[in-house]
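Please look over the chain below before reading on.

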Amino acid sequence: MIELSLNEIPNEKKCIDILKLIREEKGFICKKCKHTQFYWKSDKNEFECKNCKHRTSLKVGTVMHRSKLPIHYWVITLDIILSNQCTVKEIQTFFNVRYQTIYNLHQTISTQLTRSNVKTLEYEVIKKYTTTELVKYFNNEEKLKNYLEFLSKPLIEYH
């Protein structure tokens with residue numbers, strides 16, 4: 001049985017809203033024309049350049065790049081990995097999707113955690129939110145924001 005350290009399962013809209021804010025804080029640069037002003041297209045969940053109208057997904061340039069899985073799947077899987085509490089098969093059953101899909105998701109997150117040098121500050125911040133003693137002191141919003149900040153980082157390539 002899967003138990004999350006998150007107080008409640010995040011919904012997709014909440015994840016999109018928080019990730020959008022994180023991406024806006026970091027700044028947006030159009031890949032096509034290098035313009036920095038954009039609109040948010042809520043019907044498409046994409047940024048649209050004010051200059052050339054090129055659209056960019058929320059997941060572009062993040063660990064979740066090119067994934068068709070909902071963002072909240074990434075958040076929940078990250079929470080489960082940090083809690084070290086269940087197998088890929090149990091996660092697959094929880095989401096009720098193909099095993100290979102969840103296996104790839106799990107591998108991507110695990111690899112990113114390893115490549116980001118386990119001693120880095122963001123990993124430590126994320127890790128502290130999953131320890132049982134501290135869970136009650138941090139609200140879901142803070143934890144969700146930390147998870148999404150980690151997932152919004154670019155994919156770290158192997159060197």
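## Charged pairs

A salt bridge here is a side-chain nitrogen of Lys or Arg within 4 Å of a carboxyl oxygen of Asp or Glu. In this predicted model, the side chains of Lys 20 and Glu 24 meet that rule, at 3.7 Å from N to O. Both residues sit in helix 1, four residues apart, about one turn of the helix. An α-helix has 3.6 residues a turn, so residues three or four places apart point the same way. Lys 20 is buried, with a relative accessible area of 18%. Glu 24 is partly exposed, at 29%.

The count by this rule is five salt bridges. One of them joins Lys 14 to Glu 141, with the closest N and O atoms 2.7 Å apart. This pair links distant parts of the chain: Lys 14 is in helix 1 (residues 12-26), and Glu 141 is in helix 7 (residues 140-151), 127 residues apart. Lys 14 is partly exposed, with a relative accessible area of 33%. Glu 141 is also partly exposed, at 40%.

Helix 7 holds a pair of its own, Lys 145 and Glu 149, four residues apart. Their side chains form a salt bridge at 2.7 Å, N to O. Lys 145 is partly exposed, at 32% relative accessibility. Glu 149 is partly exposed, at 28%.

## Overall fold

The chain has seven helices and three strands. Along the sequence they run α-β-β-β-α-α-α-α-α-α.

Of the 159 residues, 41% count as buried. Among contacts with a separation of 6 or more, 61% are between residues 24 or more positions apart. The accessible surface comes to about 9500 Å², and carbon and sulfur atoms make up 51% of it.

## Helix 3 and its cover

Which residues of helix 3 (residues 88-95) are buried? They are Val 88, Ile 91, Gln 92 and Phe 95. Seen down the helix axis, these buried residues fall within an arc of 100°, so they line one face of helix 3.

The cover over them includes helix 2 (71-83) and helix 4 (99-115). Asn 96 follows helix 3 and has a positive phi, near 60°.

## A buried glutamine

Gln 112 lies in helix 4. Is Gln 112 buried or exposed? Its relative accessible area is 3%, so Gln 112 counts as buried. The cut-off for buried is under 20%.

What does Gln 112 touch, leaving out residues up to four places away in sequence? Its contacts are Val 63, Phe 150, Pro 154, Leu 155 and Ile 156.

How values were computed: Residues are numbered from 1 along each chain as its sequence is written. This is a predicted model: local features need pLDDT of at least 70, side-chain atom pairs count only at pLDDT 80 or more; totals for chains, interfaces and linings use all residues. Side-chain values use heavy atoms; hydrogens and water are left out. Helices (H or I, at least four residues) and strands (E, at least two) are DSSP runs, numbered from the N terminus. Buried means under 20% relative accessible area, exposed over 50%, partly exposed in between (1.4 Å probe, protein chains only). Contact means heavy atoms within 4.5 Å. Accessible areas come from the Shrake-Rupley method with a 1.4 Å probe; for residues, only the protein chains shown count as cover. The arc is that of the directions from the helix axis to the C-beta atoms.
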